[in-house]
Amino acid sequence: MDPRHGTEHTSPTGLVPDEANPYVRTHDPHLAAYAEEFLERVDELPTYRPTIGCVIPAYNEGETIAGVLDSLLMQTRLPDAIHVIVNNTSDDSVEIAGHYAGPHTRMTPSGEQSTLVYVHDIGKNPDKKVGALNYGYSLVEHMDYLLGVDGDTTPEPDAVEHLINEIASDDRIGGISAVYSIDDSALDGPMSKFLIAGQRAQFAAFNMQNLLKGRNMAVLGGQFSMFSTQALRDVLKDSHQRTPWVNDSEVEDSLLSLQIKSAGYLTKISAHARAHVGGMTTLRSLDAQQVKWNFGAIDLMWPGQRGDTKGQPFHPNLRLRWFEHLSMVLNMVTRLMFFLLLIAALAIDAFVFRAWWLIPPIAAVLLNLRVAHSMKFANRRDYLFALLIAPAEIYMLIRMGHFVRAWLKFFSRQQTDNWAAQAKAERGKGAAWMYPFIALAVMFVGFGAVWTYAPISMETKSEILATGWPILGVITIVQTVWMLLKAMRPYRGFQA
């Protein structure tokens with residue numbers, strides 16, 4: 001008996017008070033079965049499972065949408081709903097995606113899971129991808145998280161599980177991005193293999209930068225990122241917007257990332273979730289994509305107002321962008337100076353090779369090899385791209401062309417639709433990608449002609465060379481030291 005209540009006191013574990021001492025409990029065999037049943041019922045109590053709404057904007061993704069849906073339906077953590085938003089399409093994206101519409105159930109390591117696939121053909125959509133994303137948001141805003149997936153992105157089987165575990169573990173995280181790589185398993189021709197190898201190295205270097213900076217992600221890329229819908233609602237309130245994505249920015253994902261950060265949330269890159277995105281396999285399409293990205297970044301970086309997008313030059317998420325652009329300027333200066341001085345020296349038989357000139361290329365190779373080794377899915381082509389020097393150097397020159405074109409387009413205030421330009425380039429149309437190469441060739445020919453035929457004395461030419469080479473040497477030493485430091489820094493177990 002319990003002396004406080006005058007009744008026998010038992011516990012779910014089958015322990016009752018001892019008659020000699022009411023504060024000593026002994027095991028009652030008659031209640032053992034009840035104890036086991038009680039514990040089983042406790043284990044069966046439902047726990048809260050965050051809901052995920054997946055949104056896939058699809059524009060002419062007939063060749064890839066099936067692979068994307070297959071990879072999502074094979075996840076260890078299925079999204080609760082998958083919405084394919086087909087817009088402005090002229091291929092059979094709707095028909096192919098339509099085969100997946102309806103309920104899907106599969107057994108996973110954590111038990112049976114189900115999802116529903118919906119296919120929405122919204123027809124002509126003037127806001128393109130932004131309009132499709134906002135349409136998708138209206139369908140899943142009641143859920144806890146929105147998973148944005150591009151129509152050519154295939155995640156690893158555990159990607160959704162990693163993203164949801166990481167973002168749900170910390171309410172401060174407003175969005176989290178997967179680690180992106182580019183699938184190079186099915187490529188035809190040396191040009192496409194070269195360009196994809198360059199893009200893989202570019203993505204890996206970018207990913208590792210973010211992983212090593214506290215896993216803070218400046219840009220939550222739309223390829224495969226998860227957003228807290230509460231964070232998106234806070235962005236709408238703080239920015240006085242009706243929709244999370246706006247149509248007056250060239251890089252809608254970069255702008256939204258800035259807004260999420262400004263709303264007081266963290267923007268992160270996952271340490272484990274991985275997704276394979278579609279790459280650009282021609283110079284024309286790569287140029288259009290990279291010019292659009294660079295132009296959009298400049299639009300966010302530059303002080304002042306362009307359209308309805310306010311420049312935010314000192315925003316914390318843009319520090320890495322400023323560093324990238326300044327680094328590109330330095331790379332352009334060193335390469336242009338080297339080639340111009342080389343042409344000038346050869347023209348007057350004043351070129352003398354110095355062995356220490358090999359140090360910068362060796363440092364570049366070491367850094368590129370380190371980047372290749374950091375890739376989780378590195379292959380022989382990645383290592384050859386880094387080791388042979390020439391491919392990486394040529395790819396850098398191509399990126400410089402994109403950089404110059406973007407800045408010139410920005411300062412010229414051309415009112416062009418860069419989304420339409422990219423779509424046109426992917427269809428094999430347009431010649432703007434050739435302009436940087438033509439301009440570079442004209443510049444070198446013009447310099448050679450002036451150097452050779454202009455009335456410049458030999459003494460003046462020698463003085464120019466005597467001044468130019470040391471300046472280039474100092475800049476190159478700084479760059480070389482920086483490359484070696486980057487090549488030696490610990491990666492702390494991260495893989496790009």
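Trainee: Okay, which strands does helix 4 lie across?

Mentor: Helix 4, residues 128-140, lies across strand 3 (52-58), strand 4 (81-86), strand 6 and strand 7 (145-149). The helix runs at about 155° to strand 3. Keep in mind that this is a predicted model.

Trainee: Got it. What order do the strands of the open sheet come in?

Mentor: There are nine strands, in the order 5-6-4-3-7-10-9-11-8, and the pairing is mixed.

Trainee: And which strands stand at the edges?

Mentor: Strand 5 (102-108) and strand 8 (154-155). Each has a single partner strand, so one side of each has no neighbour in the sheet.

Trainee: Remind me, what holds strands together in a sheet?

Mentor: Strands pair through backbone hydrogen bonds, and the pairing is either parallel or antiparallel.

Trainee: So do strands 5 and 6 run parallel or antiparallel?

Mentor: Antiparallel, with seven bridges joining strand 5 to strand 6, residues 111-121. The two strands form a hairpin, and two residues sit between them. If you want a pair to look for, find His104, which stands opposite Thr115 in strand 6.

Trainee: Nice. In what sense does strand 6 pair with strand 4?

Mentor: That pairing is parallel, over six bridges. Here you can look for Val86, which stands opposite Asp121 of strand 6.

Trainee: Switching to helices. At what angle do helix 10 and helix 15 pack?

Mentor: At about 35°, with the axes 10 Å apart. Helix 10 passes helix 15 in a right-handed crossing.

Trainee: Which residues make that contact?

Mentor: From helix 10 you have Leu336, Phe339, Leu340, Ile343, Ala344 and Ala347. Helix 15 brings Leu440, Met443, Phe444, Phe447 and Trp451. By type, the contact has eleven nonpolar residues, no polar ones and no charged ones.

Trainee: How many of the lining residues are nonpolar, polar and charged?

Mentor: The lining of the second largest pocket has 23 nonpolar residues, four polar and seven charged.

Terms used: Residues are numbered from 1 along each chain as its sequence is written. This is a predicted model: local features need pLDDT of at least 70, side-chain atom pairs count only at pLDDT 80 or more; totals for chains, interfaces and linings use all residues. Side-chain values use heavy atoms; hydrogens and water are left out. Ala, Val, Leu, Ile, Met, Phe, Trp, Tyr, Cys and Pro count as nonpolar, Asp, Glu, Lys and Arg as charged, and the others, Gly among them, as polar. Two strands pair if DSSP finds at least two bridges between them. Helices (H or I, at least four residues) and strands (E, at least two) are DSSP runs, numbered from the N terminus. Contact means heavy atoms within 4.5 Å. Axes are lines fitted to C-alpha atoms, for helices over the stretch in contact, and angles run from 0 to 180 degrees between N-to-C directions. A crossing is left-handed if the near helix is turned anticlockwise from the far one by less than a right angle, and right-handed if clockwise.
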